[in-house]
Amino acid sequence: MANVAIIGAQWGDEGKGKVVDWLASRADIVVRFQGGHNAGHTLVVGNQTYKLSLLPSGLVRGKLGIIGNGVVIDPEALLTEMARLTAQGLTITPETLRIAENAPLILPLHGALDRAREVARGENKIGTTGRGIGPAYEDKVARRAIRVCDLAEPDTLSAKLDELLLHHNTLLRGLGAAPFEKAVLLDRLLELAPLLLPFAEPVWELLDEARRAGKRILFEGAQAVMLDVDHGTYPFVTSSNTVAATAASGSGVGPGVVGTVLGIAKAYTTRVGSGPFPTELFDDTGRLLGERGHEFGTVTGRPRRCGWFDAAMVRQAVKVGGIQGLALTKLDVLDGLPELKVCTGYRIGGVEVRHLPAAQGAQASAEPIYESMHGWKDSTRGARSYAALPAQAIKYVRRIEELVECPVTLLSTSPERDDTILMKDPFEG
Ligand code: IMP
């Protein structure tokens, strides 16, 4: 029985929550391996709606949740989310949640720097979630991050804060933002220590034991391949690697443990924040997709930009992300549209290319090359088998498979958990 990693194949918000929940119900352990509380997953179980940002989705299904070392953890956000979900009836204890002792922390100064930088960028802003994700990852690679394990060593914590504040207060003052006081930060971290440390451990060891015991592990990605710091539309990306390979390094297992990689894509495209979006629609169709698809950010509430399905981009995500099967969501949002367009490549400076090049200027000027298809009249909403789909909808899915060079192994036809057409069980390898 294989393990499964699930990652976004576009710019995030592909409807991961529902698919992750379905997979989590079949897994023993669910691991978050990158990102932080910039992510937002909405899970609907019975008449309860759970909104998760940092906690692994499996907790909702009573499965062991692990926050891996590749995640950046805002302790305040984590405790708030834990309290909110506990109030909704979930049990979150060191029995159900484990946190990598070597995961870096997000402190209030990271959020302040994130926001001050965005203001300073003006029109060129990235459109970050303002939650300090980028600055926290910067500190990690600069080797000055405060990590979960440091909470157990007050002297280490104090010395690290000196180094951190020297760096951050200089930057914050330069950006016209208020500096932070060491005593305030240190006191708060020492207050948080007894609340967090009971959850901390070398999770790589736990995962190794679980693997050897034949437990099913689900690696739950956040954001998506086109927001990957290396492979995405840089610099309009998040600050972590979002590809499936990160599931290994971000949790402390070998690459062979990651198992089947399932990518999630919407049947059209959306994006929040700034950056290139070749198939973006500024017309009534774009507005219709946004309204029907309820395209508002889970974390920030921002309206999402909407456009046609970009098969060239998803094909690239399939290759660099290691995606072996695609879960296609929100097909029903396209119901009734007379004509559908799918982007097969781009024209840049009069030259046709198959994929988005890395250069920022080239990405910004990429014009989509479209293939048009007839839409379908009948509803696909709630379909639970291929036979229940209009012929033209099947044609659309088949064409996507061809263009992205990856089979569609799961089709989601409504937010309801059971409105899913499964072609291949990813846990079967
Ligand atoms: P950051 O991750 O807050 O630094 O934001 C960087 C970029 O990633 C921005 O364009 C955000 O809108 C985008 N982003 C971050 N997290 C998500 C997500 O979960 N879904 C969609 N976009 C995201």
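Buried means under 20% relative accessible area, exposed over 50%, and partly exposed in between, using a 1.4 Å probe and protein chains only. The model is predicted, so local features need pLDDT of at least 70 and side-chain atom pairs pLDDT 80 or more, while totals for chains, interfaces and linings use all residues. Numbering runs from 1 along each chain as its sequence is written, and side-chain values use heavy atoms, without hydrogens and water.

**Exercise 1.** Work out whether Gln 223 is buried or exposed.

*Solution.* Start with the backbone: phi of Gln 223 is near 55 degrees, positive although the residue is not glycine. Finally, its relative accessibility is 10%, so Gln 223 counts as buried.

**Exercise 2.** Find which residues a cis peptide bond joins.

*Solution.* The bond links Tyr 234 and Pro 235, with omega about 5 degrees. Pro 235 sits in the loop between β8 (217-220) and α8 (246-249).

**Exercise 3.** Which polar side-chain atom lies 2.6 Å from an oxygen atom of the ligand?

*Solution.* One belongs to Thr 238. Thr 129 also has a side-chain N or O atom 2.6 Å from a ligand oxygen. Both are polar contacts (N or O pairs within 3.5 Å).

Technical notes: Polar contact = N/O pair within 3.5 Å; in protein donor to acceptor, adjacent residues only side chain to side chain. Helix = DSSP H or I, 4+ residues; strand = E, 2+ residues; numbered from the N terminus.
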